[in-house]
Amino acid sequence: MSDRDRTPLPLLLLLLLLIPGACTPSREAASLPSIFLISIDTLRADRLPVYGYGGVATPAIDGLRRDGVLFERAYTSAPLTLPAHASLLTGQPPYTHGVRDNVGYRLEAGERATASLPRWLKGRGYATGAGVSAYVLRGETGLGPLFDHYDDGIAQAGDSRALGQVQRAGGETLEGARRWIRAQQGNPAGGPVFFLLHLFEPHTPYEPPEPFRGRYADPYDGEIATADALVGDFLAFLKAEGLYDGALIVLLADHGEGLGDHGEAEHGIFLYPETIQVPLVVKLPGAARAGTSVAAPAQLLDLFPTIAALVGGPAPELPGADLFRLGDGAGERRLYSESYYARLHLGWSELRSLVDARYQFIQAPTPELYDLVEDPGATRNILTEQRRVYRAMEAALGRHDGALAAPEAVADEEAAKLAALGYLTASAGRAEGPLPDPKDALPALETMRRAFALGAEGRCEAAVPLYQDLLERFPGMLDARVELAACLRALSRPEEALEAYREALTGSPQAADGILLKVAEIQLELGRLDEAEEHVRAALSGVPGKAHGLLARIALERGEGAAAVAAARAAVAAEAVPRPESILTLARAQLATGEATAALDALDTLGQRLSPEEAASLPWFHFLRGDALARLGRDEAAEKAFRREIRAFPQNSPAFANLAVLLAAQQRFGEIEPTLQAMVSAHPVAATYALAAATAERLGDAAGAARWRTAAQARPPGSP
Ligand SMILES: [Zn+2]
């Protein structure tokens, strides 16, 4: 609908909208407490002093605990960031809200979203905001639309292979939180505030900054101390704003960390206490019940009913309980957790668990029962000794929905678009026959880690047979198949890489978007532009930024400059903080259409955002700047830029070639031959000789061109 088609709002309605009462919260809302949730990713409960750990100092969390209530045993619904936060915010277990993994699942809008904690609080007059520090919680996951304000400005790292590693420092998230909360305070119409602050510090990689790096031998402790310092800054800010005393403040973690206790280094596969037990401290308004503890088991999804009870008003039907009314009946509660990570990523069995006041039951091909009172670390399976408890808990677990499905709409949509591309898909995480028990299959992960490390060191020829062996034994290992494909691509075996990606798509349609783009990149390199475009278009809604960027590159390959600029602009617009790659593609497209000034502007803006080291380590950045500067007649600056690109990426032959052209324009003919010579020495492959010959030819040096062609033919047979 164009602006002209739009009927103007009737004047009366406009006036109504402007009446202060229409947007000022009621007197009742103004008296409600502000609510702050601090979610510290991957923070294991038993690694905090408030739970008895002595290895790290956490003065801020200790202080909050003194003013608040400590839940001695709190549990998450899933040891995975996105499903855990979805449970926290909807008050529902994963099988109800539908988000079973970090990848391939979205929290669907509609009834469930409306019944979420932020939307419900908004209905009670709250302004709702969130600041998150990890890519897996970006707004597109469906969490964003639950809030008035959702700050997920995480620049996605270049070609990062591990999604979980994409994060930003907590200090940046915190700064955004301060700004937004302060803006609400400054608004005379402002009611109470609800804010979710998510910090990613204790998550891998464990790289705490100073002074914490030097202070702790174990970098995981250092990360916890870093997170605590950020919590301290945030609490100090709330105090300075006069918000602390009257507010409800909750400190929690979405899950813990294995740290090797049951063979798992991080989290996601197992449901032992080290990964599902989380810290939970609740500071009530006026510090009611300060310093007390609750022993009854609690779960993160209890927070919605707890907050609803505190705020008052009609609350939706929720499976959790008010944390302050766990009372005598609490012993009867059995808290559900699940992880489908092993099933979806490795082709192994999923795990599901129930925890009550005494026992933990883990459903697996070989089931487990632990007495968490006697054995809090879950080290001794007592299932054969406690058959009655086992049977009762197994029956209780059966009442939780164990079927795995992608959210209906997403599943159908994914299957349809894959079918349109000629891929036959199985259902998500297909299970044919008995699946391996993760605790038995775990050693395969060590092989996987070794293969991954080899690939990361550029030793793909050694990694490929490891992946192939793993896939022989565990054909459902999606992650191994995707890594195998990446290695085959790096080894210039594109057809085999495409085949591996095809098998990955067939087995795991829920992970399709990222794989479709990888397939499209290879097709682009092979010059199969129409196929590449089809694949990108299928992934356009799921990963719009990257997909538009690839469409721009395809258009450039076709020589369609205007279309390339439009697609590159769409890519930049789709990303809250545009990825450097998106800006480079835009600049390339602008150069192709003669917009050198615009290209230089885009590159310089990016340069201001990056540190000099980051800019220098970004392939093509200085090359494209040099190209733009040369077109604008700024020869000296252009030469400097080309030389920077050459220094950082000596194998980037076009930088030498462009430098040679620039030297010719300045009539510095004596420097051309040595430049082309340096280019060939840095990367002596056939394509480089051909570029040297073409460059000489272009500069009118027919004899030089002939010399380069002869030199190419004189190279030993079989050289690249
Ligand atoms: Zn997490």
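**Helix pair**

I started with helix 29 and helix 30, whose crossing is left-handed (that is, the near helix is turned anticlockwise from the far one by less than a right angle; clockwise would be right-handed). Before going on, I noted that this is a predicted model, where local features need pLDDT of at least 70, side-chain atom pairs count only at pLDDT 80 or more, and totals for chains, interfaces and linings use all residues. Residues are numbered from 1 along each chain as its sequence is written, and side-chain values use heavy atoms, with hydrogens and water left out.

Back to the pair: I looked up the axes of helix 29 (residues 621-631) and helix 30 (residues 635-648), which come within 8 Å and cross at roughly 160°. The axes are lines fitted to C-alpha atoms, for helices over the stretch in contact, with angles from 0 to 180 degrees between N-to-C directions. Helices (H or I, at least four residues) and strands (E, at least two) are DSSP runs, numbered from the N terminus.

I checked D254 and H255 for burial, and both are buried (under 20% relative accessible area; exposed is over 50%, partly exposed in between, with a 1.4 Å probe and protein chains only).

**Positive phi**

I then went through the backbone. Most residues other than glycine have a negative phi, and most peptide bonds are trans. T42 is not a glycine, yet has a positive phi of about 65°. I placed T42 in the loop between strand 1 (35-40) and helix 4 (59-67), and T42 is buried at a relative accessible area of 0%. A287 also turned up, with phi near 55°. A287 sits in the loop between strand 9 (280-283) and strand 10 (293-294) and is partly exposed, at 26%.

**Cis prolines**

I found a cis peptide bond from T204 to P205, omega near -5°. The bond from E210 to P211 is cis too, with omega near 5°. P205 is in the loop between strand 6 (193-199) and helix 10 (212-215), and I found P211 in the loop between strand 6 and helix 10 as well.

**Disulfide**

I got one disulfide (a pair of cysteine sulfur atoms within 2.5 Å). C460 is joined to C487, S to S 2.2 Å. The pair links distant parts of the chain, 27 residues apart: C460 in helix 19 (residues 460-473) and C487 in helix 20 (residues 478-490). The link of C460 and C487 is left-handed, with -75° about the S-S bond. I checked accessibility too: C460 is buried at 6%, and C487 is buried at 2%.

Last, I looked at an open sheet of three strands, order 8-3-11, with mixed pairing. Strand 8 (277-278) and strand 11 (298-299) are the edges, each pairing on one side only. Pairing takes at least two bridges found by DSSP. Strand 3 (residues 74-75) pairs with strand 8 in the antiparallel sense over two bridges, and Y75 has Q277 of strand 8 as its bridge partner.
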